[in-house]
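Me: I would like to learn how to read a model of this kind, feature by feature. Could you take me through one?

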Amino acid sequence: MKILPSGLSWFTLALLLSGLTRVCGQVIVINAGTLVDPADGSEKTNQTILIEDGKIKEIGAGLRVPADAVRVDLSHEVVLPGLIDAHTHLLATVDPQWDLGDLWIMALQRRAGYRAISGAQHAKEMLQSGFTAVRDLGNSGEYLDADLAKAIRFGVVPGPTMVFSGKIIGPYGGQFWDTPTDARLIENPEYRFADSRDEMRKAVRENIYWGASVIKIVVDGQKYSYSAEDIRFIVDESSRAGIKVAAHVQTERGARAAIEAGVASIEHGWVLSDQDLALAKKNRVVLVSTDFTVASLLANGIEPNTARRTHEGYVARLKRAWEAGVEVVFGTDVMADAKGRTRGELAIEYIDSFSEAGIPAPDILKAMTTRAAALLGIEKARGSIRVGMAADLVATPVNPLRQIDGLKSINFVMKDGHIQGKP
Ligand SMILES: [Zn+2]
């Protein structure tokens, strides 16, 4: 019985079908010498990872591999999920020589086009250091974060997946407490001032409308600050849209209010009492501690002795938080450029702050992958190497489970199944 149209042989049909498969997505096969699972700190040797359409299709030893698959030999490498920085500002750059390290002057001086272009460069640099996702927390002008996130998603520029906040919401004046001149003279593109309930609700909705996938508030940038009730209102309004709240806190009072209100994360938390830490643990509030390295502080124009002392203070606070059982997620807050260093290189060094605080390597890795993905709300798609997840993975010759510094030697980065080139 002839079931094929005349002139079309089985051979031709097979060729057509294989062509269709190729259109749907080339299969990539990675041979991983060691495959690390940060969730439980386990590792397996000689694993094969099959990737198709940007997703992980199969993982195991001795898998059957399609003959036309692209093979990637990482048999002498340790493979792990792509890293996550939970506190970035890709669209912002402070430069002590240009803007005195001041966010307000930066916002006035740098036009949107320049910020977008340098933001794309920062995104690429983060990716090259192994960061395949970031949570970008504002200081992005007029929603330049939404534009950059879209450009990355559409493959216009390479970069990490961005969970971003849009405009930072804060009490009148936002974060510019140290503005050196008359604040009434300026427009303020970086912040969305919201004092009354109506203003808060509208600010949250505006950000969500423009694409924000996290709400960032600055609690205590002024002499007056948000109360726990204010923050609870913002948390409720955001959660109705399924969105979490990240709270910048720099004072003990601000930290207490945010922790009481049950935000998803407090950012920085420079001043945290033992009671605050206990309550953060109880309310499951994550600390994104942004413990600046000395190099990062110097890039911000801080004088060397002060930089060292400041760094030590941050590490001591991180150690207290860790010992109190507060969940800590990796975030850097890198906003300054250092000559000859990429933003990714500055960010990855923050693992030193975690090591100095006595946090074991497997826990640091978790704070940069699985736990960070959970805070970003992307844990079902990213942050682990599992079947069905996005193929976001990195490789290094040094096993970071034993030596966390191995993360500074990442020499292979794949994002959504695409191998990223080095600079
Ligand atoms: Zn920040």
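Me: Does Asp 333 count as buried or exposed?

Reply: A residue counts as buried when its relative accessible area is under 20%. In this predicted model, Asp 333 has 11% relative accessibility and therefore counts as buried.

Me: Which atoms coordinate the zinc ion, and how are the donor residues spaced in sequence?

Reply: Donors are N, O and S atoms within 2.8 Å of the metal. Here the zinc ion is coordinated by NE2 of His 87, NE2 of His 89 and OD of Asp 333, at 2.0 to 2.2 Å, and the spacing of these donor residues along the sequence is H-x1-H-x243-D. Because His 87 belongs to strand S5 (residues 83–88) while Asp 333 sits in the loop between S14 and helix H12 (343–348), the pair ties together parts that are 246 residues apart in sequence. His 87, at 0% relative accessibility, also counts as buried.

Me: In what order do the seven strands of the open sheet run, and which strands stand at its edges?

Reply: The order is S3-S2-S1-S4-S15-S16-S17, with mixed pairing. Strand S3 (55–60) and strand S17 (418–419) stand at the edges with a single partner strand each, so one side of each is left without a neighbour in the sheet.

Me: How many bridges join strand S4 to strand S15?

Reply: Two strands pair if at least two bridges are found between them. Strand S4 (residues 70–81) and strand S15 (residues 393–396) run antiparallel and are joined by four bridges; Val 78, for instance, has Thr 396 in S15 as its bridge partner.

Note on methods:
Residues are numbered from 1 along each chain as its sequence is written. This is a predicted model: local features need pLDDT of at least 70, side-chain atom pairs count only at pLDDT 80 or more; totals for chains, interfaces and linings use all residues. Side-chain values use heavy atoms; hydrogens and water are left out. Donors are N, O and S atoms within 2.8 Å of the metal (3.2 Å for Na, K and Ca); water is not among the atoms, so sites may look incomplete. Helices (H or I, at least four residues) and strands (E, at least two) are DSSP runs, numbered from the N terminus. Buried means under 20% relative accessible area, exposed over 50%, partly exposed in between (1.4 Å probe, protein chains only).
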